[in-house]
Amino acid sequence: MVVAAHDGAYFDARILHRDISEGNIIITTEGEGLLIDWDLCVNLRNHEVAGRRPKRTVRVSADLFYLFKLLSFILRVHGNLCRRSFYLNLTRIRE
Amino acid sequence: MSAKLLSEPHSNQGIEDDRESAFYVLLYLGLLYTKHNQISQKLDTYLEIFDYTTVANNVAEGGDLKSNFLVTHSRADALNFDCHPMNDLIKDFRNTFSVRYEEPPSVAVLSNYEDLKRNPNGFAQALLYHPAALHEARQNLLKERGWLVKTIVKYLDDPDLVWPTDNMAKNNREANSKKRKRQEMELNSGLKSKKSSRDDRSSSKLVR
């Protein structure tokens with residue numbers, strides 16, 4: 001479930017997606033929901049250290065380093081299923 | 001995007017904002033692809049909720065219609081999905097998300113709440129329903145782990161929930177505009193056929 005993925009990222013990895021929209025949710029043929037397009041996400045730990053919360057999304061700023069960290073985390077957890085969305089994400093970044 | 005971020009572009013983004021976005025995604029897709037009572041006439045006035053923006057100093061602002069949908073009853077009450085659990089889910093979500101756009105409890109109410117908390121006088125149970133306590137509880141729900149999932153699952157488990165049996169989702173808006181187009185075409189062709197029949201008559205007269 002996509003909202004569960006969002007919860008997991010927020011509470012376990014302290015990463016906020018910040019771009020929830022119908023274009024960023026895909027449903028696999030197995031009926032599994034995937035939350036994609038994490039290129040606007042932020043690592044909240046950094047912001048907590050600095051004592052402030054992240055500002056509203058500005059299209060240019062992407063926390064790329066943490067994005068890759070998160071993706072490798074997802075890959076480790078879910079294996080093959082997410083590989084497809086991993087590549088989808090990569091293509092979205094290049095755009 | 002949440003109504004709060006849209007109306008205050010410089011405010012901070014938190015999990016409440018993402019969760020509110022998720023609610024709008026659900027509502028938007030529901031409006032476009034499932035059966036409800038606003039398909040024929042007023043679908044566009046509902047879809048406008050999501051598009052409403054004003055631009056000031058190169059910064060997009062808006063969200064008034066979103067917060068309006070959460071807080072006031074007129075638009076939300078008029079909308080009725082064929083799927084009853086969806087209506088209940090929307091009501092539940094509106095009830096919680098609206099806390100962000102309501103007037104917070106007054107100073108008097110808050111200080112009364114603090115006094116009672118310190119010295120409940122056997123009113124500990126009633127304290128749960130204190131306006132300030134209810135406000136606080138709803139605010140906390142928005143940040144609570146698993147709240148969104150739990151709420152959705154609650155209505156997914158509703159025995160009244162009926163999934164559409166046809167596999168192909170229909171885009172209500174396109175169906176609507178096609179219908180409109182068809183009506184326009186019929187109107188035009190009707191005019192033409194009247195014209196042509198008149199022409200026919202005149203031409204047939206000539207032949208005669």
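Start by selecting B:Pro104, which sits in the loop connecting helix H6 (84–97) to helix H7 (107–118) of chain B. The model on screen is predicted. Is this proline buried, exposed or partly exposed? B:Pro104 counts as partly exposed because it has 13 C-beta neighbours inside 10 Å; the buried class would require 20 or more, and the exposed class 12 or fewer.

Next, move to chain A and colour it by secondary structure. The chain holds 4 helices and 4 strands.

How many residues does chain A have, and what percentage of them count as buried? The chain has 95 residues, and 28% of them count as buried.

Last, select the contact between the two chains. Chain A contributes 19 residues, and chain B contributes 19 residues. Which element supplies the largest share of the chain A side? Select residues 2–11 of chain A: this is helix H1, and 6 residues of the side touching chain B come from it. Colouring that side of chain A by residue class gives 9 nonpolar, 4 polar and 6 charged residues.

Note on methods
Residues are numbered from 1 along each chain as its sequence is written. Chains are lettered from A and ligands numbered from 1 in the order in which they are written. This is a predicted model: local features need pLDDT of at least 70, side-chain atom pairs count only at pLDDT 80 or more; totals for chains, interfaces and linings use all residues. Two residues are in contact if their C-beta atoms, placed from the backbone, lie within 7 Å. Helices (H or I, at least four residues) and strands (E, at least two) are DSSP runs, numbered from the N terminus. Ala, Val, Leu, Ile, Met, Phe, Trp, Tyr, Cys and Pro count as nonpolar, Asp, Glu, Lys and Arg as charged, and the others, Gly among them, as polar.
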